[in-house]
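Colleague: I am new to this structure. Could you take me through it, step by step?

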Amino acid sequence: MSSSVSACVSRRHCLLAGLFTASALGLAGCATVPSDTAAPAATPEELQDALVQRFYRALADGDFDRSISMVSARSLSKEQLAELTPKLRQMLAGAKSKVDAKGGLQKVEIVERVPSATRENVTQLRVLVTYGDGNTRRERMNLFLDNGVWKVQL
């Protein structure tokens, strides 16, 4: 973890920085369904998978606003979020540089999914990121169900 991160940022926020150093493949496609055809509801696992893919794709594309929009800020005050956002942008820029140096993203897979035993509406993931140069990295990621929408948890 970078020693430049201020002491006011909690360990959890620092762990998120490690998450941002990973990269991702593919944005899950969206399709429209005719109004007279009922679409089956997506499972929590499908929604989580789609979030992980969108999050990593946004990171790899350098769309930091989109990446940050997928992070749950529910536990942060407006002041804390305002202080953290520039740091997140800086970490994301560094992560994108690392992804680019490894040949971009080839694939992102969820290899383990465990509902948290201690926190309601939290699912703990282990993600395997494969880079364009063939290297891989295992990441830990927590997702939080925030008002019916899965988000990356700080």
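Colleague: Let us begin with one side chain. Is Asp-49 buried, exposed or partly exposed?

Modeller: Keep in mind that this is a predicted model. The relative accessibility of Asp-49 is 30%. Buried means under 20%, and exposed means over 50%. The value lies in between, so Asp-49 counts as partly exposed.

Colleague: Which side chain meets Asp-49 in a salt bridge?

Modeller: Asp-49 sits in helix H2, and its partner is in strand E2. The two are 64 residues apart, so the pair links distant parts of the chain. The N to O distance is 2.9 Å, and the partner is Arg-113.

Colleague: What is the strand order in the open sheet?

Modeller: The sheet has five strands, with mixed pairing. Strand E1 (71-72) and strand E2 (105-115) each pair on one side only, which makes them the edge strands. The order is E1-E5-E4-E3-E2.

Colleague: Which residue is the bridge partner of Ile-110?

Modeller: E2 pairs with strand E3, residues 122-131. The pairing is antiparallel and runs over nine bridges. In E3, the partner of Ile-110 is Val-127.

Colleague: What angle does the direction of helix H2 make with that of E2?

Modeller: Helix H2 covers residues 44-61 and packs on the sheet. It touches E1, E2, E3, strand E4 (136-146) and strand E5 (149-153). Its direction and that of E2 make about 140 degrees.

Colleague: Why are Asp-100 and Lys-96 separated by about one helical turn?

Modeller: Their side chains meet in a salt bridge, at 3.0 Å from N to O. Asp-100 is partly exposed at 43%, and Lys-96 is partly exposed at 21%. They are about one turn apart because both lie in helix H4 (residues 78-101), with a separation of four residues.

Colleague: Arg-137 and Glu-139 meet in a salt bridge too. Is Glu-139 buried or exposed?

Modeller: The N to O distance of this pair is 2.3 Å. Arg-137 is partly exposed, at 35% relative accessibility. Glu-139 has 4%, and the limit for buried is under 20%. Therefore Glu-139 counts as buried.

Note on methods. Residues are numbered from 1 along each chain as its sequence is written. This is a predicted model: local features need pLDDT of at least 70, side-chain atom pairs count only at pLDDT 80 or more; totals for chains, interfaces and linings use all residues. Side-chain values use heavy atoms; hydrogens and water are left out. Two strands pair if DSSP finds at least two bridges between them. Contact means heavy atoms within 4.5 Å. Axes are lines fitted to C-alpha atoms, for helices over the stretch in contact, and angles run from 0 to 180 degrees between N-to-C directions. A salt bridge is a side-chain nitrogen of Lys or Arg within 4 Å of a carboxyl oxygen of Asp or Glu. Buried means under 20% relative accessible area, exposed over 50%, partly exposed in between (1.4 Å probe, protein chains only).
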